[in-house]
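Hi,

Here is the structure I promised to send over. Have a look at it first, and then read on for what turned up.

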Amino acid sequence: RLQRGQKIPLKFDAPRGAWLQVARGVVEFSGQTLRAGDGAGFSETIDTEITAIGGTELLIFDLPSAG
């Protein structure tokens with residue numbers, strides 16, 4: 001759960017992947033706005049942050065590589 005304006009870092013190194021799922025609210029992630037029900041997956045190295053636009057609930061799944 002994030003409060004409006006709260007930022008959290010998000011860093012994963014390949015070959016791990018991750019899935020970000022927005023359960024409630026709105027966040028900005030890697031230059032995109034994600035709303036409740038939206039998700040984003042990635043499998044490359046990523047070093048960014050998530051910013052809550054309003055009160056937000058989200059899930060982040062750390063996924064092992066498929067190889």
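Which residues does Thr56 touch, not counting those up to four places away in sequence? Bear in mind that this is a predicted model. The answer is Arg1, Leu2, Val22, Arg24, Gly25, Val26 and Val27. Thr56 itself sits in the loop between strand 6 and strand 7, and it counts as buried because its relative accessible area is 3%, where buried means under 20%. A polar atom of the Thr56 side chain also lies 2.8 Å from the backbone oxygen of Gly54.

The whole structure has four salt bridges. In one of them, the side chains of Glu57 and Arg1 meet at 3.4 Å, N to O. That pair links distant parts of the chain, with Glu57 in strand 7 and Arg1 in the segment before strand 1, 56 residues apart. Glu57 also meets Arg24, at 3.3 Å, N to O; here strand 7 is linked to strand 2, across 33 residues. Put together, Arg1, Arg24 and Glu57 form a network of salt bridges. On accessibility, Arg1 is exposed at 76%, Arg24 is exposed at 53%, and Glu57 is partly exposed at 23%.

Another salt bridge joins the side chains of Arg16 and Asp62, at 2.9 Å, N to O. Arg16 is in the loop between strand 1 and strand 2 and Asp62 is in strand 7, so this pair ties together parts 46 residues apart in sequence. Asp62 is also in contact with Gly17, a buried residue with 7% relative accessibility that belongs to strand 2. Other residues that Gly17 touches include Phe12, Phe42 and Phe61.

Now for the nonpolar side. The largest nonpolar core has 15 residues, and those with the most contacts inside it are Phe29, Leu34, Phe42 and Ile50. Strands 1, 2, 3, 5 and 6 each give two or more residues to this core. Leaving aside neighbours within four places in sequence, the contacts of Phe29 include Leu10, Leu20, Leu34, Phe42 and Ile50.

On the surface, Trp19, Leu59, Phe61 and Leu63 form a nonpolar patch with about 360 Å² of accessible area together. Strand 7 gives the most to the patch, with three residues. Trp19 is in strand 2 and is partly exposed, at 37% relative accessible area.

Cheers

Methods
Residues numbered from 1 in each chain as written. Predicted model: local features only at pLDDT ≥ 70, side-chain atom pairs only at ≥ 80, totals over all residues. Heavy atoms only, no water. Core = buried A, V, L, I, M, F, W, Y, C linked by side-chain atoms within 4.5 Å. Buried < 20%, exposed > 50% of the residue type's maximum accessible area, 1.4 Å probe, protein only. Helix = DSSP H or I, 4+ residues; strand = E, 2+ residues; numbered from the N terminus. Contact = heavy atoms within 4.5 Å. Patch = residues over 30% accessible without salt bridge, like charges linked within 9 Å, V, L, I, M, F, W, Y side chains within 5 Å. Areas by Shrake-Rupley, 256 points an atom, 1.4 Å probe, with all protein chains shown as cover. Polar contact = N/O pair within 3.5 Å; in protein donor to acceptor, adjacent residues only side chain to side chain.
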